[in-house]
Amino acid sequence: MLKKRIIPILTYSNEELVKSIQFGSRKYIGDPLNAVRIFNEKFVDEIILLDIGNENRDEFKINYPFLKKLLNECFMPVTYGGGIKTLEDAKKIFDLGVDKISLNSIIFKNLEIIEKLVSYFGSQSIVACFDIKKNISGKYFIYNYKENKIFNYEFKKYIQKIIELGIGEILINSVDRDGMMNGVEKDLLKNLNFSVPLIYSGGVGKLEDLQDGFKYKLEGIGCSSFFCFYGENKSVLISYPFKDLDRIR
Amino acid sequence: MITIIDLQAGNFFSLENVIKKITSEVLLSKDYDQISKSKIILLPGVGRFDVFMEKIKKKKIDVAIKNALINDAKFLGICVGMHVLFDKSEEGNCEGLSLISGEIKKFNTKLNFKIPHMGWNTVKIIKDDRSILSNNNRFYFIHSYYADPKCSNNTIGVTEHGQEFASIVKKNNIYGVQFHPEKSHLFGRKFLENFLNA
């Protein structure tokens with residue numbers, strides 16, 4: 001039987017591992033290469049690598065040589081996201097050994113690219129990543145990180161539209177819970193039920209948060225802070241307590 | 001010398017990295033002659049059936065593989081590299097290599113199990129082939145289509161995802177696995193070691 005997945009999400013910028021809070025301020029964590037090596041030794045289920053660019057949200061070129069260095073350390077499935085715009089970008093990334101690619105900003109500009117990518121690589125390799133934010137009235141919207149604005153469309157309908165283009169997996173990041181380590185966004189999760197696998201991330205601070213998350217209709221939970229920090233002072237410590245995690249999924 | 005066929009459509013680097021931990025005698029190649037005279041061939045595959053088959057045919061890799069098999073080479077196809085061993089696939093229109101009878105089918109979406117089958121699952125051995133695998137295992141799967149061999153003797157391992165499907169197939173010296181040993185940590189490495197020693 002398929003096991004639920006617990007996935008470290010590593011966000012990096014200029015080859016440095018960083019951790020944000022609510023998609024805002026960033027803390028320097030260390031060397032992504034080191035983090036990947038540790039996760040590999042601890043038998044992580046899979047890993048998500050996201051190049052989130054600089055704090056000014058400038059356009060950036062995909063850093064293939066650095067990604068290759070990271071991939072050389074990975075003997076588990078890897079999803080890469082960050083700056084993918086064209087079929088050529090995707091081909092180069094898959095050639096390095098990535099298993100899935102995650103699309104985020106490009107979804108706001110060009111839906112044709114999704115069909116092209118699915119056609120060429122197959123559904124199972126294409127992930128659509130949505131950053132979800134709550135507005136003042138408590139309603140959820142897709143947040144366009146690059147442009148710093150809300151995408152005014154009923155978010156579940158839009159996600160369904162993207163699924164119909166052949167996407168193999170959905171990754172949902174709760175902007176409000178990002179880096180807060182205060183639990184998963186239950187009000188969001190209770191209404192989600194997609195026909196393709198769903199990975200949720202945002203807010204996991206302890207094992208119980210993962211247990212809470214697994215009660216909902218998702219196939220995996222992504223964690224950043226949970227695997228990068230330790231203790232009340234949030235000292236940097238990369239960890240992946242495999243035995244504890246294996247027991248709860 | 002182990003040859004990993006590099007068609008720029010598979011985790012050949014990851015596979016090369018894992019094999020290098022077992023033996024140094026491995027090389028990546030898409031050269032017809034090199035493949036034709038190889039004794040051990042690995043074909044990693046990711047992506048669509050038709051796209052992959054076209055790449056194989058373009059470089060006459062299909063002929064090279066058949067040449068090598070006539071000379072008793074051992075072969076392992078991974079994921080789409082396993083799919084192309086069969087006659088055809090519901091995913092596309094191309095013909096496969098027809099090295100094992102059967103076809104590739106899409107998972108039944110009405111069974112309430114999400115497609116693609118993505119994540120860590122186990123393989124149950126139904127025909128022990130010189131200990132290629134122990135029953136205590138877990139491997140990474142990522143696929144929407146599965147192999148349906150015509151002859152049940154060709155299925156040596158099965159996995160459950162709403163329905164039971166063939167996760168390891170074999171005919172003579174040809175092996176095919178649906179999962180990705182190069183992405184399955186120590187289990188994958190152990191499997192590859194067993195395959196190389198079989």
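**Where the two chains meet**

Author: Happy to! Between chain A and chain B, about 3000 Å² of area is buried, and carbon and sulfur atoms give 54% of it. Keep in mind that this is a predicted model.

Reader: Which residues in chain A lose the most area to chain B?

Author: The contact takes 40 residues from chain A and 35 residues from chain B. On the chain A side, three residues together account for 25% of what that side buries. They are Leu2(A), Phe75(A) and Gln124(A).

Reader: How many salt bridges are there between chain A and chain B?

Author: A salt bridge needs a side-chain nitrogen of Lys or Arg within 4 Å of a carboxyl oxygen of Asp or Glu. Glu219(A) and Lys114(B) form a salt bridge, with their closest N and O atoms 3.0 Å apart. Between chain A and chain B, the count is three salt bridges.

Reader: Which element gives the largest share of the side of chain A that touches chain B?

Author: Two elements of chain A give two or more residues to that side: helix H3 (87–95) and helix H5 (112–121). The largest share is four residues, and it comes from H5(A).

Reader: What about pockets: which residues are the closest to the centre of the largest pocket?

Author: The largest pocket holds about 800 Å³ of space. Its lining has 14 nonpolar, 11 polar and nine charged residues. Of the 34 residues that line this pocket, the closest to its centre are Ser195(A), Pro197(A), Phe113(B), Lys114(B) and Ile115(B).

Conventions: Residues numbered from 1 in each chain as written. Chains lettered and ligands numbered in written order. Predicted model: local features only at pLDDT ≥ 70, side-chain atom pairs only at ≥ 80, totals over all residues. Heavy atoms only, no water. Contact = heavy atoms within 4.5 Å. Buried area = accessible area lost by both parts, 1.4 Å probe. 1 Å grid on protein atoms, 1.4 Å probe; cavity = no way out; pocket = protein on both sides within 12 Å on 5 of 7 lines; lining within 4 Å. Points joined across faces, edges and corners; volume = space filled by probe spheres on them. Nonpolar A, V, L, I, M, F, W, Y, C, P; charged D, E, K, R; others polar.
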